Amino acid sequence: AVPLDARTDAEITLLSNLITMTPGSLAVDVADDRSVIYVHAMFLEDPDELRRQIKDDLERRVLELLR
C-alpha cells in the first residue's frame with residue numbers, strides 16, 4: 001500500500017499507468033477514499049524503498065505535470 005497525495009481521477013489514472021508500465025510492478029487497486037494505491041511488485045527486497053520511489057519519483061512528477 002502506497003499513500004497517495006494524488007486525488008483526481010486523472011492524477012490517479014496516470015500514476016497507476018506509470019506504475020503498471022514499470023517492469024515487475026502492477027497497480028492493483030485504489031482505496032475507496034483515494035488515500036492509498038495498492039501495488040503488486042515482483043522480486044521486491046525493500047517495500048519502503050518501493051514506496052519512496054513511487055512517491056518521490058512517479059507521483060511527484062505526475063502532480064507537477066497536472067497541477
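Modeller: Strands of a sheet pair through backbone hydrogen bonds, either parallel or antiparallel. Here S2 and strand S3 (residues 36-41) run antiparallel and are joined by five bridges; two strands pair if DSSP finds at least two bridges between them, and strands (E, at least two residues) are DSSP runs numbered from the N terminus, as are helices (H or I, at least four). The model is predicted: local features need pLDDT of at least 70, side-chain atom pairs count only at pLDDT 80 or more, and totals for chains, interfaces and linings use all residues. Residues are numbered from 1 along each chain as its sequence is written, and side-chain values use heavy atoms, with hydrogens and water left out.

Colleague: Which residue in S3 does serine 25 stand opposite?

Modeller: Serine 25 faces alanine 41. Five residues lie between S2 and S3 in their hairpin, and arginine 34 in the turn has a positive phi of about 65°.

Colleague: What is the order of the strands in the open sheet?

Modeller: The three strands are ordered S1-S3-S2, with antiparallel pairing. Strand S1 (2-3) and S2 are at the edges with a single partner strand each, so one side of each has no neighbour in the sheet.

Colleague: Is leucine 26 buried, partly exposed or exposed?

Modeller: Leucine 26, in strand S2 (residues 25-30), counts as partly exposed because its relative accessibility is 40%; buried means under 20% relative accessible area and exposed over 50%, with partly exposed in between (1.4 Å probe, protein chains only).
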